[in-house]
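Dear colleague,

I am handing over the structure we spoke about, and below it you will find my notes on what was found. Please read them with the model open beside you.

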Amino acid sequence: MHPHEELLHRFYQGFQRRDHAAMAACYHPEATFDDAAFSLQGTDIGLMWRMLIERGKDMQLTYNHIQADDNRGRAVWDARYSFSQTKRRVHNHINASFTFKDGKILTHHDEFSFWRWSRQALGPVGWLLGWTSFLQQKVRKSAAEGLQQFKASRGV
């Protein structure tokens with residue numbers, strides 16, 4: 001198995017164990033993360049995973065299709081959880097892509113259907129507006145504010 005495949009298995013196994021420190025250790029100090037809700041760099045990535053794990057008390061994660069070589073990697077993962085703001089059940093199916101540097105994750109991009117996610121997480125509002133950039137921008141702003149509040153509450 002390629003060392004970067006092993007790295008991705010360690011990352012997702014840490015996620016399954018709810019071990020945010022193990023997940024954060026997989027990232028390069030110059031790492032970036034991007035998905036529909038967050039656009040982060042460096043240590044903020046590990047803090048995001050910590051926040052999501054601590055808030056997602058009932059989260060379950062499965063992953064598969066790990067592939068990696070010297071430069072790029074990919075994985076498919078599914079998260080099932082109750083969205084903290086609405087308590088609505090969500091099943092999010094995610095395609096992840098990665099690049100690597102010095103044996104760590106340098107870039108991590110998670111792609112999923114925002115409209116599908118918003119219908120589950122937000123109910124009727126997501127059904128009506130989940131396809132719009134308005135709601136996507138609102139969710140990104142709320143996620144960024146939530147992470148800032150989480151950091152402040154932890155003295156980071």
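Which residues does G14 touch, not counting residues up to four places away in sequence? The residues that G14 touches are D19, A22 and M23, where contact means heavy atoms within 4.5 Å.

Before going further, please keep in mind that this is a predicted model, in which local features need pLDDT of at least 70 and side-chain atom pairs count only at pLDDT 80 or more, while totals for chains, interfaces and linings use all residues. Residues are numbered from 1 along each chain as its sequence is written, and side-chain values use heavy atoms, with hydrogens and water left out.

To stay with G14 for a moment, this residue lies in helix α1, which covers residues 3-16, and it is buried, with a relative accessible area of 0% (buried means under 20% relative accessible area, exposed over 50%, and partly exposed in between, with a 1.4 Å probe and protein chains only). From G14 to A24 the C-alpha to C-alpha distance is 9.3 Å, with the two residues 10 apart in sequence.

As for the chain as a whole, it contains six helices and six strands, and their order along the sequence is α-α-β-β-α-β-β-β-β-α-α-α; here helices (H or I, at least four residues) and strands (E, at least two) are DSSP runs, numbered from the N terminus. The radius of gyration of the chain is 15 Å, which agrees with the value near 15 Å that a compact globule of 156 residues would have (the radius is taken over C-alpha atoms, and the globule rule is 2.2 Å times the number of residues to the power 0.38). The C-alpha trace spans about 45 × 35 × 30 Å along its principal axes, and 43% of the 156 residues count as buried. Of the contacts between residues at least 6 apart in sequence, 55% join residues at least 24 apart.

Turning to the strands, I use the rule that two strands pair if DSSP finds at least two bridges between them. Strand β4 (residues 72-82) runs antiparallel to β5, to which 11 bridges join it, and within this pairing D78 has H93 in β5 as its bridge partner. The hairpin of β4 and β5 has six residues between the strands, and in it K87 takes a positive phi near 65°. Strand β5 (residues 89-101) pairs in turn with β6 over seven bridges, again in the antiparallel sense, with F100 opposite I105 and T99 opposite T107. In the hairpin of β5 and β6 there are two residues between the strands, and D102 takes a positive phi near 55°. Strand β6 (residues 104-111) is also joined to strand β1 (residues 27-34), by four bridges, and these two run parallel; T32 stands opposite T107 in β6.

Is D44 buried or exposed? With a relative accessible area of 18%, D44 is buried. This residue sits in helix α3, residues 43-55, and, leaving aside its neighbours within four places in sequence, D44 is in contact with L147 and K151.

With kind regards
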